[in-house]
Amino acid sequence: MSLAAPRILGIDPGLRVTGFGVIEKHGNQLLYVASGCIKSNDKQSLPERIKTLFAGISEVIATYRPDQAAVEKVFVNVNPQSTLLLGQARGAALSALVHADLPVAEYTALQVKQAVVGHGKAAKEQVQDMVVRLLKLPGAPTADAADALACAIAHAHGGQGLGALATAGYRVKGGRLIG
């Protein structure tokens, strides 16, 4: 790992679309490297779709050579089937990351929003806007790529591995920080 400028890969897992974002941290400055989406074909079998996600993330790792990874944690959805499928997509992402020997930090959506916007109930549009501002982007990335970049930003702003994310005064309920 480069101590001067760690390169962080953020992942927003999804079975249909998995977002990725790569940033570098130079002191207090964050620099955009790349972002995008890995899409699986919903006409393929689940194992084929998982293979697509694993291969796509592996390709991103080989191309951008991150030092660390940050992944958004799965929340429990109203639809148990959707939650299971999302969990399997997340498993494919985690497998690709650990296969590449990357240290992996995990964050809830609430933690990411708190780190990027300043409060955990921020709307998706607010997260997207802050990603654009923090990384000085000329335009907004797709929602999935913005969420992945936000995850990487949360990690860079003092998440696991770079200092503890401030959680004083909060407790965990259902995998989320609550006040």
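What follows is a short exchange about a few residues in this predicted model.

Me: Why is Arg-90 called buried?

Reply: Arg-90, which lies in helix α2 (residues 80-99), has a relative accessible area of 12%, and because buried means under 20%, Arg-90 is placed in that class.

Me: What makes Glu-72 count as buried?

Reply: The relative accessibility of Glu-72, a residue of strand β4 (residues 68-72), is 15%, and since the term buried applies under 20%, Glu-72 counts as buried.

Me: Why is Asp-144 called partly exposed?

Reply: Asp-144, found in helix α5 (residues 143-156), has a relative accessible area of 25%; buried would require a value under 20% and exposed a value over 50%, so Asp-144 is partly exposed.

Me: How do you know that Asp-12, Glu-72 and Asp-144 gather at one spot?

Reply: An unreviewed UniProt entry annotates Asp-12, Glu-72 and Asp-144 as "active site". Although they span 133 residues in sequence, no two of their C-alpha atoms are more than 11.3 Å apart, so they gather at one spot. Asp-12, Glu-72 and Asp-144 also belong to the lining of the largest pocket.

Me: Which residues is Glu-72 in contact with, leaving aside its neighbours within four places in sequence?

Reply: Contact here means heavy atoms within 4.5 Å, and, with those neighbours left aside, the partners of Glu-72 are Ile-11, Asp-12, Pro-13, Arg-90, Tyr-107, Ala-109 and Cys-151. With its own neighbours within four places likewise set aside, Asp-144 is in contact with Asp-12, Val-17, Gly-19 and Cys-37.

Notes. Residues numbered from 1 in each chain as written. Predicted model: local features only at pLDDT ≥ 70, side-chain atom pairs only at ≥ 80, totals over all residues. Heavy atoms only, no water. Helix = DSSP H or I, 4+ residues; strand = E, 2+ residues; numbered from the N terminus. Buried < 20%, exposed > 50% of the residue type's maximum accessible area, 1.4 Å probe, protein only. UniProt positions renumbered as here; feature names shortened; annotations may be inferred. 1 Å grid on protein atoms, 1.4 Å probe; cavity = no way out; pocket = protein on both sides within 12 Å on 5 of 7 lines; lining within 4 Å.
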